[in-house]
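The report below works from the fold as a whole towards single residues and their backbone geometry. It is meant to be read beside the sequence and the coordinates.

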Amino acid sequence: MNKYDSDIIKTLLLDEDFEDVSTPEEANFVLINTCSVREHAEKRAIGRLNSLKGLKNKKPEVIIGVLGCMAKELPDLINHPVVDFLAPPDSYRNLVKWIKAKKNGLIPEYKNEQYSNIFISPNNISSYLSITRGCNYFCSYCIVPYSRGYLRSRPPNEIIKEAENLVKNGVREITLLGQNINAYYYKGVDFPGILKKVAGIKEIERLNFLTSHPKDIPLSLFDVMAEHKNVTNYLHLPLQSASNRILMRMRRGYTIQDYMSLVNKGRKILPDLTLTTDILIGFPGEKDEDFKETIMAVKKIRFDQSYMFAYSERKSTLSALFNDNLEERIKNNRLRYLIEVQNEITEEKAHALKGKELEVLVVDKAKKGGKIGKSKNGKIIIVNGVAKIGSSYIVKINRINGWVPIGEIKKEV
Ligand code: SF4
């Protein structure tokens, strides 16, 4: 979401004849887009601000702004020695005015902001497209509803216009975005409805969506995925915990049984579904038995990949009031063990691809040679041989490096 927001900000600035430069030293102003979802993200952003102290001393006229959720959640940042202004997530339309006027302080936000009529200029064949902002759920550990506000769904015609504009500018892969994307609803159009409409744009070769909430997925979603060849058979479905007791304390609104049943139904309709998840370890009050249940579920479900984190307390959330926080040592040991279990599964799944031929869309250059490709079920494949970005090939997987499949081109599709 922040990447997409950065593209919105860039579009707003380039429209006003500002220029992009490659280093802070060349800039007249520096904007840092920040995330508050975990303590670690905040620490990194503060580290980045501290690293700009030398620049600000040398060139005090350089304007430095903090954007995003930290601008909303940590108003005291305005007292940081390098910070001139704070721009929370729904304030970006005021940014240009603010920079031109060299104003300090907190930029006011717009109510109901959706950045609907701003069409980002893509610089790649893959692009994000936000269809909702904010979230109406208050999971007890999550800061998003406080920092990004309540759920707003963008009108379908604006979404289609932006998707068509992206395609016109060379985009072949679109990822629809929303904090809880399945909650999308606009005048009778729900998430499967809007997915169907966007999938109808035939120039889109791959259509993905992020992030799904297990509570909100209707079974018709899997049917839409199966019916449309350009919708990637990939689902990111945060589990967070497999202990019903912890899920209840997290206020997630489903049980592990609901979750398993959804996964089974999805895999029945889409047998090659790639399934990834988020898991939050060490939630306050998590006992050994709760942790074991999560490990058992991970072994049973066999996610293709998991994004695993240790709980960190977020100010103003409900769980910040819980007084049964775990010791860091326990959280870290559990996280380490979970990562080991998941890595083994990820590696086994990658090795199972060896010898297979997959249709792969080449999306970018790979850092260590070759190109990055994506299969029809969202697997990242390194493609060797002469491959053009934006073209699709049948690729034979002939080796696995860690858990990254590497393949050779058999033919262009
Ligand atoms: S659904 Fe997601 S974004 Fe919304 S409160 Fe829960 S964790 Fe946060």
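## D17 and its backbone

In this predicted model, D17 is placed in the loop that runs between α1 (2-14) and β1. Although D17 is not a glycine, its phi is positive, at about 70°. The residue counts as exposed because it has 6 C-beta neighbours inside 10 Å, and the limit for that class is 12 or fewer.

## Overall dimensions and domains

The protein has 413 residues, and its radius of gyration of 22 Å agrees with the value near 22 Å that a compact globule of that length would have. Along the principal axes, the C-alpha trace spans about 60 × 55 × 45 Å.

The domain assignment divides the protein into domain 1 (2-106), domain 2 (126-351) and domain 3 (357-412). Between the C-alpha centres of domain 1 and domain 3 there is a distance of 36 Å. The secondary structure amounts to 13 helices and 19 strands.

## Parallel strand pairing

Four strands form an open sheet in the order β1-β2-β3-β4, and their pairing is parallel. Its edges are β1 (29-34) and β4 (105-106), each of which pairs on one side only. Strand β3 (residues 85-87) runs parallel to β4 and is joined to it by two bridges; F85 has G105 of β4 as its bridge partner.

Parallel pairing is also found between strand β12 (residues 234-236) and strand β13 (residues 274-281), where there are three bridges. Here H236 has T276 of β13 as its bridge partner. Strand β13 is in turn joined by six bridges to strand β14 (residues 305-310), again in the parallel sense, with T277 opposite S306 in β14.

## The ligand shell

Which residues surround the ligand? The shell consists of C135, Y137, F138, C139, C142, V144, P145, Q179, N180 and H213. By class, the residues of this shell divide into seven nonpolar and three polar, with no charged residue.

I201 is found in the loop between α8 (191-199) and β11 (206-210). With neighbours within four places in sequence left aside, I201 is in contact with A163, E164 and V167. One of these, V167, is 34 residues away from I201 in sequence, while the C-alpha to C-alpha distance between the two is 8.8 Å. Is I201 buried, exposed or partly exposed? It counts as partly exposed because it has 15 C-beta neighbours inside 10 Å, whereas a buried residue would need 20 or more.

The peptide bond from L210 to T211 is cis, with omega near -10°, and T211 lies in the loop between β11 and α9 (220-227). A positive phi, near 55°, is found in R302, a residue other than glycine. R302 has its place in the loop between α12 (288-301) and β14, and it is partly exposed because 14 other C-beta atoms lie within 10 Å.

Note on methods. Residues numbered from 1 in each chain as written. Predicted model: local features only at pLDDT ≥ 70, side-chain atom pairs only at ≥ 80, totals over all residues. Near = placed C-beta within 6 Å. Nonpolar A, V, L, I, M, F, W, Y, C, P; charged D, E, K, R; others polar. Domains from an automatic or database assignment. Rg over C-alpha atoms; globule rule 2.2 N^0.38 Å. Pairing = 2+ DSSP bridges. Contact = placed C-beta atoms within 7 Å.
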